[in-house]
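Let us walk through this structure step by step. Keep the sequence beside you as you read.

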Amino acid sequence: MDDGKLFNFGNNGYSMKDIYNLPDGKRAELIDGQIFYMAPPSFTHQKISRKLHQAIANYIDSKDGKCEVLAAPFAVFLNPDDDKTYFEPDLSIICDTSKLDEKGCYGAPDWIIEIVSPSSRPRDYIKKMIKYNMGGVREYWIVDYLQDRIMAYNFEQETVGECTFADKIKIGIFEDFEIDFAEININGSSL
């Protein structure tokens, strides 16, 4: 069941109660009442996540910033009144810390990064992009190391950029910050 396939039994779909009743060690996301089981991330996926987390946290700390950068598994409830949708983005950057409590983020993070896994590709590129845009996320990145592609959506500016792991990408929510993906060399020793 950890292959990312959709399981939706019943007319009303699943709810947060079903997510909280998953067996220990099982992870899933809930989108419009449909459960998507999540396979454990690969070694490369985790190394990319660590490098991005480190770069973003270092930048925030260097500016004495109030934003938090949180890695999965961490719950994001875009609409706290929606009992049918729950996300665990790979990285969530939240600058309004009043949205945070011990269970997760209630409301839209400022910036979300998803690192694509083979089973998550359709959700990351379509379902999540639409939900994050409609839910008030300011910026959304899809890091697809298997395709050597980073899609950077700046929903506030209504722009999208496509880059590779050889490029530097300017972050939209911060004025003076960019990430050099050449330093996150997935085929060499930079990781």
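The largest pocket holds about 300 Å³ of space. A pocket here is an open set of points on a 1 Å grid over the protein atoms alone, where a 1.4 Å probe fits, with protein on both sides within 12 Å along at least five of seven lines. Its volume is the space filled by probe spheres set on the points. The lining has 23 residues, each with an atom within 4 Å of a point. Closest to the centre are Met-38, Pro-41, His-45, Asp-90 and Ser-117.

This is a predicted model: local features need pLDDT of at least 70, side-chain atom pairs count only at pLDDT 80 or more, and totals for chains, interfaces and linings use all residues. Residues are numbered from 1 along each chain as its sequence is written, and side-chain values use heavy atoms, with hydrogens and water left out.

By class, the lining of the largest pocket has nine nonpolar, six polar and eight charged residues. α2, β9 and α3 (121-135) each supply at least two of its residues. Such helices (H or I, at least four residues) and strands (E, at least two) are DSSP runs, numbered from the N terminus.

The second largest pocket has a volume of about 210 Å³. Its lining has 17 residues. Ile-19, Tyr-20, Lys-26, Tyr-86 and Glu-88 lie nearest its centre.

Now turn to the largest nonpolar core, with 28 residues. A nonpolar core is a set of buried Ala, Val, Leu, Ile, Met, Phe, Trp, Tyr and Cys residues joined through side-chain atoms within 4.5 Å. Buried means under 20% relative accessible area, exposed over 50%, partly exposed in between (1.4 Å probe, protein chains only). Helix α2 gives the largest share of this core, six residues. Ile-179 is one of the members that touch the most others. Beyond its neighbours within four places in sequence, Ile-179 is in contact (heavy atoms within 4.5 Å) with residues including Leu-52, Ile-56, Trp-111 and Trp-141.

Leaving aside neighbours within four places in sequence, its contacts include Glu-29, Glu-114 and Tyr-140.

Asp-96 sits in the loop between β6 and β7 (100-101). Asp-96 is partly exposed, at 36%.

Methods: Nonpolar A, V, L, I, M, F, W, Y, C, P; charged D, E, K, R; others polar.
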